[in-house]
Amino acid sequence: MRNVFLASVALILSTMAAQAEGADAEDFLAANAIAAPAIVDCTLTDGSAAECLQLVTSFPGEAFRIGPFCPETIDDTGGLWVWDGDNPGTYRLDGAFFRMLSEQGYTFYDADGVINISDPGSGQRPEGNTCLEATLDTDVETTVLIPTEPKMADAVTDLGTVALVGMALDGVPIFADAPSVLETGHLPALDTCGGHVDPGGYYHWHATATDIETALTHEHVDADCVHETSPSDLFGYAYDGYAMYGSADMDGTVPNDLDQCSGHVGMTAGSDTPVYHYHASEAFPNLPTCLVGVTARDNFVTNAAMGIGAQNGRPPPPPQ
Ligand SMILES: [Zn+2]
């Protein structure tokens with residue numbers, strides 16, 4: 001079984017090597033996250049036929065640390081949140097933060113200081129203002145398609161709330177901004193690496209976790225992330241096939257020529273010639289806010305019973 005797997009991987013890698021640049025199976029394999037990368041035929045959103053890297057991922061494993069999300073009481077400290085009411089910014093989920101929200105009409109705790117926590121995967125509609133914390137289901141698989149040869153689109157695609165951004169090397173999907181408390185009344189807590197669990201049970205990023213320290217320092221937030229690496233490291237690939245790096249280029253400098261999507265053309269560790277790639281921004285959540293390239297149709301599918309990407313026909317619950 002393992003020999004068959006390795007042989008198929010070798011075939012994929014030799015196929016990838018013949019191509020200029022793009023989503024690279026070798027990068028995902030090196031990160032030891034993806035069980036069986038494959039090259040498949042796919043259709044891009046502009047209707048053209050293409051080849052895509054197909055990645056089937058699940059939770060990276062028991063050793064992959066997540067959380068904390070919601071604190072139990074206002075005397076405890078949880079993860080992070082991007083507040084967009086008065087005094088907007090990125091905050092640690094602690095008593096000072098929840099008291100500030102209460103002054104603005106959003107009270108997440110009772111008279112004893114206990115935080116109202118609810119599970120958005122439970123199917124129950126939470127009352128009042130609740131801190132959302134979904135239950136991890138390590139059996140959930142996500143299947144994504146990423147073009148192997150990136151293709152510039154005629155116009156950029158803005159990434160709205162919970163839009164599909166890309167796939168991290170660790171096999172964790174990357175989504176754009178989580179929904180605002182101002183819209184839902186609920187707070188889908190992020191952990192200190194900028195990730196949390198979807199109602200469907202799968203963990204996903206809402207930030208460039210490998211370079212989150214740069215953004216947290218910029219935002220004056222005191223938090224540590226165990227998945228932090230180097231600002232110049234490859235974080236993953238966007239769904240248009242362009243690579244996503246931390247805030248720095250391979251020589252350690254922060255580029256000053258980034259476009260509106262936080263990308264530019266330059267040298268990368270993965271290419272012999274200058275290529276387009278994205279960078280993490282300084283502001284949290286430190287992700288591109290738009291994509292410059294064409295994505296594949298049906299590029300994110302899960303086997304979960306609900307949530308983003310679920311395929312069983314049930315209407316998804318409010319996104320988190
Ligand atoms: Zn660069």
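Me: On the other side of helix α3, which residues are exposed?

Reply: This model is predicted: local features need pLDDT of at least 70, side-chain atom pairs count only at pLDDT 80 or more, and totals for chains, interfaces and linings use all residues. Residues are numbered from 1 along each chain as its sequence is written. A residue is exposed if 12 or fewer other C-beta atoms, placed from the backbone, lie within 10 Å of its own, buried if 20 or more do, and partly exposed in between. Helices (H or I, at least four residues) and strands (E, at least two) are DSSP runs, numbered from the N terminus. On that side of α3, A96 and E103 are exposed.

Me: Which residues of α3 are buried?

Reply: In α3, residues 95–103, these are F97, F98 and L101. They lie on the same side of the helix because they cover an arc of only 90° around its axis, the arc being that of the directions from the axis to the C-beta atoms.

Me: In what order do the 4 strands of the open sheet stand?

Reply: Strands of a sheet pair through backbone hydrogen bonds, either parallel or antiparallel. Two strands count as paired if DSSP finds at least two bridges between them. Here the order is β1-β2-β7-β19, with antiparallel pairing. The edge strands, β1 (38–43) and β19 (300–302), each pair on one side only.

Me: How many bridges join β7 to β19?

Reply: Strand β7, residues 142–147, is joined to β19 by 3 bridges. In this pairing, T143 stands opposite V301 of β19.
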